[in-house]
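Please read the following report alongside the sequence and the coordinates.

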Amino acid sequence: MQRLKKRLLTSLSVLLALSLFLVGCGSDEDKAEDTENPMGQAEPLPTDSKKVVAEYEGGKVTEGELNRYINLMVFFQPQLAMMTESPEAKGELVKQQIAEMEIAKQVKDEKKYEEEADEVIKQFEESVKEQPAQEGQEKQDPDTILKESGITKKDLRNFLIQNNKVTAYLEGQVKEKDLKKEYEESDAYYTIELNHVLISTQEGEDGKKRSDKEAKKRAEDVKKKLEDGGKWSDIAKKYSDDPGSKESAGKYEGTPDQWVPEFSEAAMEQPLKEIGDPVKTDYGYHVIRVNKREKQAYDDVKEDIKRNKVQEGFQTFIDEEVKLSKVDIPGLKQDTENDDEQKKDKE
């Protein structure tokens, strides 16, 4: 079932941005609850409430409409279930819901959006029928799965059609020249291979912690040992405090955006095959040797750049175009356009 939902998500690139945001919204309490319920399963939210939870220029959203939207999101991304009771998450979701509705209004109705939605639903139904019944349980059918998720087939179809429109609109805002500019100016599309030894300044398992001075001195000693011919495999194993790489000669391979800024900067700027001076990060001091630095081909990363641009465009639309005049979500501090006006009056 999870694999099936991943397939369905292939047309929902915009929503993936939200999932990242909402993961960040999870409180420690939420995470604790998720740990207790690792399957992330939750009862769907009721969709019959007519209470208005948000008003904006051009319309309003009822609690039932918001809950239906949340149920759809959880259907695609079950990990979001742990945040269905979070007022902050609901506050962000209602803004996203409004943004999607407003963007969809700007896109002309075309048959292709319906056909794409119908094809996704067809794949969903066929996949469910192919799934064998789990031991001790009756074989499920698509309608039952949707009902247990608090949505109908019509809800799902409307949601997919709207999302297809939103995606088409946002992708239409992305220009080829912007993609190439991002590619040319960003360091994120380099792949780098390096060795490093970390001398930590953080508390270890033994409860001890090096001072900054002690760590820097130890890192300088490590650098000298390497310059004197010491093997990376031996030095990393003996001195590195990075458990993820100390047994593999401190080898790292990745892109600069995966690392902390100071480490990324050194990885991008340090001369190849040279052992650099210790680099300080929040983790401690790193002794680094960059072995290979190569920019990926534009065609290989173009879709990633485009996806990021679409997500940025969607967030910009939410920030600039979704102006709430009223929010009535229990537990959520209101931050509406009216509040902003009142702040300006006081100033």
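The report below begins with the confidence of the model and then turns to strands and rings.

This is a predicted model, in which local features need pLDDT of at least 70 and side-chain atom pairs count only at pLDDT 80 or more, while totals for chains, interfaces and linings use all residues. Residues are numbered from 1 along each chain as its sequence is written, and side-chain values use heavy atoms, with hydrogens and water left out.

The chain averages a pLDDT (the predictor's confidence in each residue, from 0 to 100) of 85, and 84% of the residues score at least 70. Over residues 1–40, however, the pLDDT is below 50, and this stretch has 68 contacts (heavy atoms within 4.5 Å) in the model beyond near neighbours in sequence.

An unreviewed UniProt entry places the feature "coiled-coil region" at residues 103–130; UniProt positions are given in the numbering used here, feature names are shortened, and annotations may be inferred rather than shown by experiment. In the model, residues 103–130 are 82% helix and 0% strand, with the end C-alpha atoms 36 Å apart; helices (H or I, at least four residues) and strands (E, at least two) are DSSP runs, numbered from the N terminus.

Strand β1 (residues 52–56) is largely enclosed by the rest of the structure, because four of its five residues are buried, where buried means under 20% relative accessible area, exposed over 50% and partly exposed in between (1.4 Å probe, protein chains only).

A search of the whole structure finds nine aromatic pairs; rings of Phe, Tyr and Trp (its six-membered ring) pair if their centres lie within 6.5 Å, and planes under 30 degrees apart count as stacked, over 60 as edge-to-face and the rest as tilted. One of the pairs joins F75 and F76 edge-to-face, at 5.2 Å centre to centre and 75 degrees between the planes. F75 is buried, with a relative accessible area of 2%, and F76 counts as buried at 2% relative accessibility. W259 and F263 form an edge-to-face pair, at 5.4 Å centre to centre and 70 degrees between the planes, and both W259 and F263 are buried. Ring pairs also link Y69, F75, F76, F124 and F159 into a cluster.

K295 lies over the face of Y183, at 4.4 Å from the ring centre; a charge sits over a ring if NZ of Lys or CZ of Arg is within 6 Å of the ring centre and within 35 degrees of the ring normal.
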